[in-house]
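Please look over the sequence and the model, then read the points below.

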Amino acid sequence: MTYWAEHAWLNPAPASEPTPSPASTSAPAPRPEPSPPVGAGPVGAASAGPAAAGLGSEDAAPVGPDSVGPVPVGPGSAGATSAGPAPGGGVLAGVLIEVRDGRVAAVRPGVATPPPGAVVLRGLTVPGLANAHSHAFHRALRGAAQASPAAHAASPGAATSSSTTSPGAAPASAHRGGGRAPDSFWTWREVMYGVAERLTPDSYHALARATYAEMALAGITSVGEFHYLHHAPGGARYQDPNAMGEALLAAAADAGIRITLLDTAYLSAGFGDPPTRPQLRFSDGTADAWAERASALKAPEHARLGAAIHSVRAVPADQLATVAGWAAGRGAPLHVHLSEQTAENDACRAAHGRTPTELLAEHGALGPRTVAVHATHLTSADITLLGGAHTGVCMCPTTERDLADGIGPAVALQEAGSPLSLGSDSHAVIDLLEEARAMELDERLRTRARGHWTAAELLHAATAAGHAALGWQDAGRIAPGALADLTTLALDSVRTAGPPPSLGVETAVFAASNADVRHTIVGGRHIVRDGAHALLPDVPTALAQSIAAVLG
């Protein structure tokens, strides 16, 4: 199959030492040594990279006689990851992209007109977007989580206030009337627990399939699913202990996108506290039991498996190394919610005399395959530890602002050596372009200065860096040998019309939205064509029906 992109962003590979691919080693990453604190710095870098296996393929069509010879765009094999700056890519016109066996076989810019048989992609074609942090079932909270908690009190699935034992949790009486949203992360979490309590493997599959299809419509070709909803309500095991994880793997396949299933250890409600009733379905009891169940999962072609530590409050300190060792032994990604709330930091210091970052470092959970999600409230010493270990950081700006988490030190983290990726997390919106610009715009509000990242660096965080964070070593670039995952954005909508194509990346990052995605191609398969999903034709109805089935 040959695609002719009217314009394409050919982002070169970063000039840096590659990180080993997930299958290349089974040795655990060395435990980082604490470093002296450093202050926040100005501008930083992004990461690059990404792994193997296509969702499908079509044979390359012959190229017309007007085409030029193949142009090498980066090395012939993708796979480097970087803690340094992403080199500036370029927007070129008339780019032929030949696809064979799910991978880019050749890239030929400068072809003025599409040759016979080529599929035309009008607009700006970029590497497929990577959503590095997702909780699929949170999609059912959109809108509902903005209402007064009283609106949820009568719901059959709503959790009671007795389930709230975490630090900083506000009592129900703290909610103000007038239909306002829950007043903190902790009270929002009670609404979320009500949804989690009602899911079954079948209803979760339906909801996740629709959510992942929405992601495909938004140009997302890979998702990192931070999965902790393992068991039946009350903690009873399904006949297949991984029924919920298998539902997510199948949902991604049905929606036509790649998935990294980050099987999550969630063992306690807080430091020394047993799981509450809603959390019983998250818990395997011990890290060893978690590892035994997670080891039974098998990754189909469109998937990779990784691990996650839900947070330092949810995994006892003496069991952190078990989870980290499971991931290291498989060369798999390891993700962790880190310092999203100041209450977690305070409780960790009270229990262990150190910050969550210091606790993770002490138990060997940092390193280049680890991604800290949020990392909002850090000390300068935390930033040094994360950057020195080349631990990645996934920023989720739309969720962090929705939950009033705060603005994380993204610039300082990047300058210290942490690659940045992006995620839609709770799916208040599913729009990686919004996540990318929000990272810059939030920093502008915080500092009252502009220009912390270039548009190319922000797009790099939404593409190559995100795929690398999820263990896909051959995605995120339009180059020979890379996975043929592509997203095409309209440059003639009411949001994007006007700027010249040479400013296509700036237009995409700072003006476009998910509504501007015209095509999404995964492994050479045309999953979204002219704004319509090829596998799930009516995504809004699928979302409405699956959410209604959960909310009742």
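The model is a predicted one.

**Overall make-up**

- The protein contains 16 helices and 16 strands.
- Of its 552 residues, 61% are buried.
- Among contacts between residues at least 6 apart in sequence, 82% join residues at least 24 apart.
- The accessible surface is about 18,600 Å², and carbon and sulfur atoms account for 55% of that surface.

**The parallel sheet**

- Eight strands form an open sheet with parallel pairing, in the order S5-S6-S7-S8-S9-S10-S11-S12.
- Strand S5 (129-134) and strand S12 (420-422) are the edges of this sheet; each has a single partner strand, so one side of each has no neighbour in the sheet.
- From one strand to the next, the twist averages 25°.
- Within the sheet, strand S8 (residues 303-309) pairs with strand S9 (residues 334-338) in the parallel sense, over three bridges.
- In that pair, Ala308 stands opposite His335 in S9.
- Strand S10 (residues 370-374) includes Thr370.
- Thr370 has a relative accessible area of 6%, which is under the 20% limit, so Thr370 counts as buried.
- Beyond its neighbours within four places in sequence, Thr370 is in contact with Leu334, Val336, Ala365, Thr391 and Gly392.

- Strands of a sheet pair through backbone hydrogen bonds, in either a parallel or an antiparallel sense.
- Strand S1 (residues 2-10) has eight of its nine residues buried, so S1 is largely enclosed by the rest of the structure.
- S1 and S2 run antiparallel and are joined by eight bridges.
- Ala5 has Val95 in S2 as its bridge partner.
- S1 and strand S4 (residues 119-127) run parallel, with five bridges between them.
- Tyr3 stands opposite Val119 in S4.
- Strand S2 (residues 90-100) is joined to S3 by five bridges, and these two strands run antiparallel.
- Glu98 stands opposite Ala106 in S3.

**A loop residue**

- Pro480 is found in the loop between helix H14 (464-469) and strand S13 (486-489).
- Its relative accessibility is 18%, so Pro480 counts as buried, the limit being under 20%.
- Pro480 and Arg103 are 377 residues apart along the chain, yet their C-alpha atoms are separated by 7.5 Å.

**Nonpolar cores**

- The largest nonpolar core has 115 residues, of which Phe137, Tyr212, Ile259, Ile309 and Leu360 touch the most other members.
- Helix H3 (residues 201-217) gives the most to this core, contributing eight residues.
- Apart from this core lies another, of 16 residues, which include Met1, Tyr3, Leu121 and Ile521.
- Not counting residues up to four places away in sequence, Leu360 touches Ile309, Val312, Leu320, Val336, Leu338, Ala365 and Leu366.

**Packing of two helices**

- Two packed helices are described by the angle between their axes and the distance between those axes.
- For H3 and helix H4 (residues 243-255), the angle is about 35° and the axes are 8 Å apart.
- The crossing of H3 and H4 is right-handed.
- On the H3 side the contact is made by Pro201, Tyr204, His205, Ala208, Arg209, Tyr212, Ala213 and Ala216.
- On the H4 side the contact is made by Ala243, Met244, Ala247, Leu248, Ala250, Ala251, Ala252, Asp254 and Ala255.
- Tyr212 of H3 takes part in this contact, and Tyr212 is also one of the residues that touch the most other members of the largest nonpolar core.

How values were computed. Residues are numbered from 1 along each chain as its sequence is written. This is a predicted model: local features need pLDDT of at least 70, side-chain atom pairs count only at pLDDT 80 or more; totals for chains, interfaces and linings use all residues. Side-chain values use heavy atoms; hydrogens and water are left out. Two strands pair if DSSP finds at least two bridges between them. Helices (H or I, at least four residues) and strands (E, at least two) are DSSP runs, numbered from the N terminus. Buried means under 20% relative accessible area, exposed over 50%, partly exposed in between (1.4 Å probe, protein chains only). Contact means heavy atoms within 4.5 Å. Accessible areas come from the Shrake-Rupley method with a 1.4 Å probe; for residues, only the protein chains shown count as cover. Axes are lines fitted to C-alpha atoms, for helices over the stretch in contact, and angles run from 0 to 180 degrees between N-to-C directions. A nonpolar core is a set of buried Ala, Val, Leu, Ile, Met, Phe, Trp, Tyr and Cys residues joined through side-chain atoms within 4.5 Å. A crossing is left-handed if the near helix is turned anticlockwise from the far one by less than a right angle, and right-handed if clockwise.
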